[in-house]
Amino acid sequence: MISFDEALHRVLEIAAPIALETIAFADAADRVLAEPVVARLSMPRQDVSAMDGYAVRDCDLGDLPVRLPLEGESAAGTPPGQVLPPRSAFRIFTGAPVPVGADRVIVQESVEREGDCVAIVRPYGPGRNIRIAGSDFCEGDLLVPAGRPLDWRALTTAAAADQPVLRVFVRPNVAIIATGDELATPGNAAGIPGTIPESVSYGIAAFVRREGGAVLWSRRSADDTRLLSELAAAALEEADLVIVIGGASVGDRDLSRTMFGEAPDYIFPRVAIKPGKPVWLARIRGRLVMGLPGNPTSALVTARLLLAPLLAGLCGRDAARSVTFEDWRLAADVPAAGDRETYVRARITPEGALPLGSQDSSSQASLLDADLLVRLRSGGSAFQAGDYVPAIRF
């Protein structure tokens, strides 16, 4: 059994992207950019109007009012190159190319239309209301660096570069196997004595998707060696990462470590944390396999602490940034941790981090209120309300 810090260090060492692929912008949301996006053109491509109004030459303006004949119009999408004759004006709209010769756009609120002429009758202020070509970015500029997740902001910027496709990291394919004779599909447990609803795989599948993985399939099996071996073989054939829920301890019916037909090449066999000690990570036939405890809270806590950075690295994100602790003020007393590093579920309140009443590893009702995992080092002392402790968003 190793410490959490050592387990995390080992995860960060092996959490590397799987491969690259080329995709269309329509499929790129929430993917991670593998190659930087460089602008193919400048923005704006030419001087454009920042307002609806009238393009004029500054030298034609004097004491107000000033009357100028209208000699043309420029709207967004108009090809550039129109010329504004001296002592005249152009009607112009936001985003439209500024005609050659114009060096100011006067907003329409300062102008009165008089047939084929305009009268500038009100003060128009110092602003020229022109967006200069290349003022946003220039051709050849790096707009989005590699490693950036393509959220709604980054995707907008990337599309502005006018690249036809994007190079991104491949999402890891994940197979999930939930084990246990006592498990039943939600909706069926009430009619089958001795069973409980299988809940953890649904939470883990949602967690995998949120963290960037692609869930190939999620299946449940009784503690049957033959059935588990068949699922294990299929998972190793199809998935980049296999997650086994339950059967991670050392009892006669804990089969998650033997169902693959060979001894795991452990990255770590268990971790000295509470909850979640049975969690393990290994390589089997070239695939990564993570075993999570069967108790719901234990499974989700270990997923947050160790599966999250693993998925982040496999997806091409900065794995270390996915496990960031911040100091939080305690809103209530917390007892000492004991001989294992302990993660206390807490919710965020105006007074700070308030530990939940139930800290049982099988608790599910309290998961809805758990915003934080408060980290208590083994062998440390108790904390009082008002003390600051490290915690991670849950």
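**View 1. The largest pocket of this predicted model has a volume of about 710 Å³.** Of the 45 residues that line this pocket, Pro-293, Asn-295, Ser-298, Ser-361 and Ser-362 are the closest to its centre. A pocket here is an open set of points on a 1 Å grid over the protein atoms alone, where a 1.4 Å probe fits, with protein on both sides within 12 Å along at least five of seven lines; lining residues have an atom within 4 Å of a point. The volume is the space filled by probe spheres set on the points, which are joined across faces, edges and corners. This is a predicted model: local features need pLDDT of at least 70, side-chain atom pairs count only at pLDDT 80 or more, and totals for chains, interfaces and linings use all residues. Residues are numbered from 1 along each chain as its sequence is written, and side-chain values use heavy atoms, with hydrogens and water left out.

**View 2. Several elements build the lining of the largest pocket.** β13 (173–179), β15 (196–197), α5 (296–315) and β23 (341–349) each give at least two residues. Which element gives the most to this lining? β23 does, with four residues. Helices (H or I, at least four residues) and strands (E, at least two) are DSSP runs, numbered from the N terminus. By class, the lining of the largest pocket holds 20 nonpolar, 15 polar and 10 charged residues. Ala, Val, Leu, Ile, Met, Phe, Trp, Tyr, Cys and Pro count as nonpolar; Asp, Glu, Lys and Arg count as charged; the others, Gly among them, count as polar.

**View 3. The second largest pocket holds about 310 Å³ of space.** Its lining has 14 residues. Asp-30, Pro-149, Arg-210, Glu-211 and Arg-317 lie nearest the centre of this pocket. How many residues of the lining are charged? Nine are charged, three are nonpolar and two are polar.

**View 4. Leu-61 sits in the loop between β4 (53–56) and β5 (66–74).** Is Leu-61 buried or exposed? Leu-61 counts as buried because its relative accessible area is 15%. Buried means under 20% relative accessible area, exposed over 50%, and partly exposed in between (1.4 Å probe, protein chains only). Leaving out residues up to four places away in sequence, Leu-61 touches Val-56, Arg-104, Ile-106, Ile-120 and Tyr-124. Contact means heavy atoms within 4.5 Å. Leu-61 and Ile-120 are 59 residues apart in sequence, yet 8.9 Å apart in space, C-alpha to C-alpha. Across the protein, 46% of the 394 residues count as buried.
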